[in-house]
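This report describes a protein model for a reader who is new to structural analysis. Please keep the sequence and the structure in view while reading.

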Amino acid sequence: MAELKYEKYILTDLQLPEPQQTRAAEYAKRATRILWLEDFVIQGAPSIILSWYWKATEEPGTPAHTHDFDEVVGFIGSDPQNPQELYGEVEFWLEDEKYLLTKSCLILCPKGLKHCPLRVVRADKPMLFIAVSMSTKYSKIMNDLK
């Protein structure tokens with residue numbers, strides 16, 4: 001059968017960039033990557049990352065950083081009967097303010113806004129994590145962030 005014209009725009013398999021490949025085993029102890037979309041997967045695509053977070057951690061999963069692009073970070077509960085409930089708790093920092101998230105949410109992180117660390121404090125049910133970056137490649141700026 002001939003290849004369909006737009007088949008190349010449907011992503012079904014996880015493809016990780018090199019830096020994430022080296023940390024995949026450690027990440028898998030607390031979360032499951034679902035899909036990772038970037039320009040290296042589909043040319044011109046924005047960066048979109050999807051994972052299931054299912055285990056609480058003592059250590060922050062992502063350190064504080066900024067970006068030179070806007071990013072939307074989301075945490076979505078997995079109970080279809082109560083989709084607003086996260087059934088867990090996520091610690092998430094914006095600049096020097098700590099937020100304890102317990103509801104499904106989307107967080108806008110404008111270009112240059114320091115965000116994270118992020119830590120799953122409690123996970124009674126899996127939570128869907130999504131990061132949508134207004135860029136074709138996900139990158140962090142870590143300079144002078146504490």
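Leaving aside neighbours within four places in sequence, Leu 118 is in contact with Tyr 53, Pro 60, Gly 61, Thr 62, Phe 75, Val 90, Glu 91, Phe 92 and Phe 129, where contact means heavy atoms within 4.5 Å. The model is predicted: local features need pLDDT of at least 70, side-chain atom pairs count only at pLDDT 80 or more, and totals for chains, interfaces and linings use all residues. Residues are numbered from 1 along each chain as its sequence is written, and side-chain values use heavy atoms, with hydrogens and water left out.

The predictor's confidence in each residue is given by pLDDT, from 0 to 100. The protein chain averages 91, and 92% of the residues score at least 70. Confidence is lowest in helix α1 (residues 18-22), with a mean of 85, and highest in strand β5 (residues 97-103), at 98. Helices (H or I, at least four residues) and strands (E, at least two) are DSSP runs, numbered from the N terminus.

Leu 118 also belongs to the largest nonpolar core, which has 24 residues; Tyr 53, Phe 75, Phe 92, Leu 101, Ile 107, Leu 118 and Phe 129 touch the most other members. Such a core is a set of buried Ala, Val, Leu, Ile, Met, Phe, Trp, Tyr and Cys residues joined through side-chain atoms within 4.5 Å. Strand β4 provides the largest share of this core, four residues.

An open sheet of five strands runs in the order β1-β2-β8-β3-β6, with antiparallel pairing. Because β1 (31-37) and β6 (105-109) stand at the edges with a single partner strand each, one side of each has no neighbour in the sheet. Strands β2 (residues 47-53) and β8 (residues 127-133) pair in the antiparallel sense over seven bridges; two strands pair if DSSP finds at least two bridges between them.

Buried means under 20% relative accessible area, exposed over 50%, and partly exposed in between (1.4 Å probe, protein chains only).
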